[in-house]
Amino acid sequence: MSNRLKKETSPYLLSHAENPVDWYPWGEEAFIKAKAENKPVFLSIGYSSCHWCHVMAEESFENKKVAEILNRFYVPVKVDREERPDIDSVYIEVCTALTGGAGWPLTVIMSPDQQPFFAATYIPRENHGNQMGLISLLISVADMWKNEQGKLLNTAGEVSRFLLRDESINGINPDEDFLHKAVEQLCASYDSEYGGFGSSPKFPSPQNLIFLLRYSKLSGDKKAREIAEHCLRQMYRGGIFDHIGGGFCRYSTDREWLAPHFEKTLYDNALLAFCYTEAYQEGRLPLYKEVAERTLDYCLRELKSPEGAYFSSQDADSDGVEGKYYLFTPDEVKAVIGEEKGRHFCECYDILDEGNFHGKSIPNLLINQRWRILPEGYDQLREKLRVYRSERSELKTDEKIISSWNGLMLMALSRAARVFNSSRYLSAAIELKDFLLNKDAGLSSLTSCCTHGKKSFPGTLDDYTFIALGLLELYEISFDTELLIDAKNLAEEVIKQFSDGKGAYYLSSVKAEKLIKRPRELFDGAMPSGNGAAAQLFDMLFRLSGDIRWRDAQNALLEVLCSHSEKYPAGCPFALCSLLSILYPTKELLCAAETLPESLDAIMGRYEPELTLLLKTPECAKQLADFAPFTRDINADGKSSYLYICSGGKCSLPYPLD
C-alpha cells in the first residue's frame, strides 16, 4: 500500500512510496499529527544515489516489523537532502554535535516541535556487536517517551540551545600569513605517496586544488602546484575515475583511489572538470584536457536533460549490487574487443582473473608504469566497452535538476569552451544559462530544484552564488554584457535575501520555511560553501565594475570567514581564492573596439587568475556603462582596437591591438 510520498516528485522520496512505513514528507501535516498524538518524529534524510541509504531502506524500511513500530509509536518523515539542503544542514549539525560525525542516511529523532534529542547515521536493523539495532532503539526510545519524556525533552532543549549559541568572535584582518598557514595545513594533510588529503575515505576536494593552483601562480610557490598536479594525476589513474565512460565517482574508500563509492554526482564532476581545465591552462598538459573533456562529455551524454540542464546523480548500485555496472572480468573484455586486444587492454587497466574488487575488476592505471602513453586505438576500445556495459546493466539516474549544481556545471562548460576553443561546450553553456535564468520567474525568485518540470522550494545561497559565478565565466567567452547585469542582480539578491547582518550569509532565504535554526555554512564541505562562492562573486564584481560596494561586502565576509577559520584556514579554500586578489596584484583590462578582436583569444586563453577583461563595443556601450560606469567615456576611434590595462591601482595609457 502506498504512503504519502506517492504525491512527491523527488525520485528518492518516490522510491519509498511503497514502503510499509507510513512516511510523511517534511511539512505541517506531519508535525500537527505528532503534536496531536504526542508522538516523537522519526526523521530519515538521504538521497537516491546513496548506497547505504539503499541498504537501510531494504533492510529496515521495507521490513514489516520495523514499519509496525514506526507507525505505532512515531510520525515517520522522509527528506531528500538534495531537495532540502536547509533541513539537511540543520540536522547534520545536530548529528555532528551529538556524535562527532555525520553522513547519510541520517537518522534523527525529535519532539513534535522539531527539537532533536537523538541522531545517528546508518543503523542496522538488528543489534550488531556493541551497536544497538534500529528495532531495539525504536522500542527503547518509545518507552522513554512514554515514561521519561521529560529527560528526552531536556536533552532536546540542550541540543537546541547549543545550535542557537552565540557564535560572535573577534574579527581579524586576513593577511598573507593567513594564506601561508592554509597552504601549510593542506601540505601537512597531503598524502605524498598516493595523492589526496587525509587517508580514507578520500574525497577529491577540487576546491583545495583550485586554491593551490591559483596560490602557486600568484605567489610563486612551486610546491603548491606540484601537490595539486600530483593529486590530479593520481585521481585520474585510480578507479575513482571511470576509465571506460568518463567522469568521477564521489569518493575513494581506500587510500590509493582504487575502490570508489560508485555513485556519480553532478557537482563533483562539474568541479573536477573545471579544476582539470584550469590546471591545463598552465603548461597545457594534454592529460588534463583529456580528463576534463571526458568528464564533461560524460555529463553531456548521461546527465543532460531535454531542457538543457543536468540531472543530479547516478546510482552506486545496479541490480541491487554496489558497483556492478562498473566492474569487468577479462573474459568479458575479450568477448567485446577480441582476444589479443582484450589481453593487452586487461594488462593495461589491471583487469585480472582474481579481480581487485569482490572477484571482479575496477579498471585503473595504478599499476601501469607507462600510463601516460596508452596505445593508439584505446579510445575506440573503451567506447565499445562502454556501450556493452550500458546494455549489460541498468544505472538509475536521479532526474532532479539542482540549481546550484547546475551553476557549477555552467562554470565548467564556460571555462572549457574558452580554454579548449569549443563551440560545442559554448552551445551547451548558453543552453544551460537560458534554463537557469528563466526570466519569466525573475532573478529574485530562483528555485532550488526542479523535477520533471515542477519547481519547488525557494533558492538557497548556493543557487544564487554558483549561478552568478557561472554567468561571469560565460561572459569571458561570449562577452554578452547582459550576463554581467544578471550576475550583479543575483548578487544584489544575495545581500537582500541571505545576509546575517554580520557580514556573512545564511544558506536559506528570508522567503524559506522557518526551521529551529536558520543554517549558515562557512566552511567548505564536499562542495564549496555558498559563503565561499559569495566571496569570489563579490571580488569579481568589484574588479569588473569598480563599484566599491562589492569590495566592502567581500571584506566583511572574509573577516567573518577567516575569523571562524583562524585555527584552520584550510577549511575554506574557495573563499581564500578571493583573498588572493586582495593580497596580490591584479590586472583589469578593458578592450574598446568596433568588433571582437581575435587577439583577445590569446589573452583570455592564458592562465592568469588575477586577470579580468571587459569588452566595449558600440552595441554594448550603454549597457556596459550601467554595469561599470568608468567605461562610459572610453571609446575606440573607429579604426583601431585599444586595450586599457590597470594593475595595482594604477592604469596605463591605452595601446592599440591592431
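A residue counts as buried when its relative accessible area is under 20%, as exposed when it is over 50%, and as partly exposed in between, with a 1.4 Å probe and protein chains only. The model on your screen is predicted, so local features need pLDDT of at least 70 and side-chain atom pairs count only at pLDDT 80 or more, while totals for chains, interfaces and linings use all residues. Residues are numbered from 1 along each chain as its sequence is written, and side-chain values use heavy atoms, with hydrogens and water left out.

Begin with the aromatic rings: a search of the whole structure finds 30 aromatic pairs, where rings of Phe, Tyr and Trp (its six-membered ring) pair if their centres lie within 6.5 Å, and planes under 30 degrees apart count as stacked, over 60 as edge-to-face and the rest as tilted.

Select Trp52 and Tyr122, a tilted pair with 5.0 Å from centre to centre and 50° between the planes. Trp52 is partly exposed, at 40% relative accessibility, and Tyr122 is also partly exposed, at 21%.

Next, select Phe211 and Tyr215, whose ring centres are 5.9 Å apart and whose planes meet at 35°, so this pair is tilted. Both residues are buried.

Then select Tyr236, Phe241, Phe248, Tyr276 and Tyr288 together, which form one aromatic cluster.

Finally, look for charges over rings, meaning that NZ of Lys or CZ of Arg is within 6 Å of the ring centre and within 35 degrees of the ring normal. The charged end of Arg81 lies over the ring of Tyr47, 5.3 Å from its centre, and that of Arg549 lies over the ring of Trp550, 4.8 Å from its centre.
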